[in-house]
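Here is a short report on side-chain packing in one protein model. It covers aromatic contacts, a helix and the nonpolar cores.

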Amino acid sequence: MKLDCKIKIQDRQRTNGLATIKAAKGVVGLAKSNSDEWVLIVRLFKDTSATQYKLRNNVQALLHKMINNGMATVQIKTPSHDVQLSEANVESLKTLLSSVRLASTGNDLPSTIKSTSVNAVQKLQRPTLQLTITQVSDYPTLKGFPSTLEKLTINTAQLRTPVDRRIFTLKNLHTLDLSENNISQLPSKIEMLHLHTLTLRANQIKSFPNDLKCPVLKYLDLSQNQLQVLDETIFNLNTLERLILSSNHIKIIPRHLLRMLPQLQVFNIASNQIRVIPNGLAASGTRLHTFHYGENPLVTNKCITCQRFNFTLVELALRTVVKHRIPYDFQTLPRTLCSLLVKYELCAHCAAPCLTNFGEIIVPRQLSANGVTVHVTAASQSFAVPVQERYCSMKCFNYGLKRAGMTQMPM
């Protein structure tokens with residue numbers, strides 16, 4: 001049998017690290033030697049030859065506490081090597097370890113375990129990890145994509161909608177670049193567990209699929225597309241660290257952006273139709289450190305945009321749900337109220353939630369105020385941006401007016 005994984009060999013007699021081989025892609029297998037005994041074959045793809053370890057009475061220990069994460073270690077007595085395996089298929093790894101345990105005691109292996117040829121292991125080629133396609137003729141229409149791909153780039157290859165679903169079934173893919181094509185829509189029910197970088201720049205995308213599942217996605221580039229709003233699907237990608245949305249047609253930055261994307265560090269909304277910046281982007285305590293907002297038609301005057309303080313039982317109840325973090329769902333509350341509980345904003349003075357009743361003013365403010373670690377990068381605009389501040393009560397509202405140097409004026 002053979003198992004593809006990452007391999008690291010540690011010499012236990014050398015503690016200074018000079019005899020350590022860095023973890024690298026390779027293959028391990030079980031084979032019968034000329035003396036009809038089972039041996040463990042270890043070969044890194046970067047090497048031309050394979051190393052053989054006798055197994056009978058030669059295994060000191062099998063370390064498998066992390067086997068469900070695809071990690072294990074085979075400790076060999078002679079030579080005193082630790083063969084550390086990682087990123088392996090869990091079921092195949094379990095089969096390998098159980099076979100090594102049997103072989104080390106001199107027992108016969110099950111008939112389902114076939115001996116691997118040493119020559120065959122040495123002839124194995126390194127699996128294809130990266131593929132770049134820049135023209136239509138290079139697209140693997142018939143033969144498909146190698147299942148081992150970790151990085152796939154398809155640029156200017158005239159991809160159209162619907163996009164080839166085979167791309168989204170590559171289980172090892174961590175970087176996908178589909179820039180500069182004619183994509184207007186992505187397939188539904190996308191689930192890519194290892195994808196951390198997704199680039200869709202310069203396409204015709206108008207919306208995101210509702211059932212996109214990328215639990216470790218950190219970088220998303222949707223610049224130069226046709227987006228008009230930020231889809232709720234994007235807010236489900238709560239591991240995002242960099243979100244690039246420049247050169248679209250977006251008019252509003254959602255107020256709950258940073259609450260739904262708590263890991264966001266870089267946000268680029270340049271060259272859209274943004275007129276005001278929500279107060280949430282100017283609040284302290286977030287990870288955001290770089291905010292691109294240039295080339296937007298930002299308002300320049302101070303003004304009051306809303307003054308609504310007739311408190312109702314609904315408003316007070318919703319504030320209580322937020323304050324005490326009471327769990328809710330569509331079964332216990334109407335959908336409209338659930339939407340309010342997601343999209344609320346905190347008062348710019350006392351940090352109480354503002355849902356249906358609030359006062360709102362627009363004032364120019366530098367985003368570095370109040371200790372915010374945001375570095376604004378805008379070549380043609382002032383560092384002071386129009387921030388849309390909300391206040392939960394008349395008392396807080398008057399405080400905001402006084403701080404902004406404004407008097408009560410008609411809306």
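Arg390 lies over the face of Phe358, 3.8 Å from the ring centre. The model is a predicted one. Arg259 makes a contact of this kind with Tyr344: its charged end sits over the ring, 3.8 Å from the centre.

**Aromatic pairs**

A search of the whole structure finds six aromatic pairs. A pair of aromatic rings is described by the distance of the centres and the angle of the planes. Two of the pairs are set out here.

| Pair | Geometry | Centre to centre | Angle between planes |
|---|---|---|---|
| Tyr139 and Phe145 | edge-to-face | 5.6 Å | 90° |
| Tyr391 and Phe397 | edge-to-face | 6.4 Å | 65° |

Tyr139 and Phe145 are both buried. Tyr391 counts as buried because its relative accessibility is 0%, under the 20% cut-off. Phe397 is buried too, with a relative accessible area of 0%. Tyr391 and Phe397 also belong to one aromatic cluster with Phe309 and Phe311.

**Helix α7**

Phe397 is one of the buried residues of helix α7, which spans residues 394-404. Why do they lie on the same side of α7? They cover an arc of only 140° around the axis, so they share one side of the helix. An α-helix has 3.6 residues a turn, so residues three or four places apart point the same way.

What does the buried side of α7 pack against? Its buried residues meet β17 (303-308), β20 (358-366) and β22. The face turned away from that side carries the exposed residues Lys395 and Lys402. Just after α7, Gly405 takes a positive phi of about 70°.

**Nonpolar cores**

In soluble globular proteins, nonpolar side chains tend to be buried together. The largest nonpolar core here has 56 residues. Those with the most contacts inside it are Ile154, Ile167, Leu178, Leu220, Leu257, Phe267 and Phe291.

A second, separate core has 30 residues. Among them are Ala24, Leu40, Val42 and Leu55.

Which residues does Leu257 touch, beyond those up to four places away in sequence? Leu257 touches Leu230, Phe235, Leu264, Phe267 and Leu281. Of these, Phe267 is also listed with Leu257 among the residues with the most contacts inside the largest core.

Methods. Residues numbered from 1 in each chain as written. Predicted model: local features only at pLDDT ≥ 70, side-chain atom pairs only at ≥ 80, totals over all residues. Heavy atoms only, no water. Core = buried A, V, L, I, M, F, W, Y, C linked by side-chain atoms within 4.5 Å. Buried < 20%, exposed > 50% of the residue type's maximum accessible area, 1.4 Å probe, protein only. Contact = heavy atoms within 4.5 Å. Phe/Tyr/Trp six-rings, centres within 6.5 Å; stacked < 30°, edge-to-face > 60°. Lys NZ or Arg CZ within 6 Å of the ring centre and 35° of its normal. Helix = DSSP H or I, 4+ residues; strand = E, 2+ residues; numbered from the N terminus. Arc of directions from axis to C-beta.
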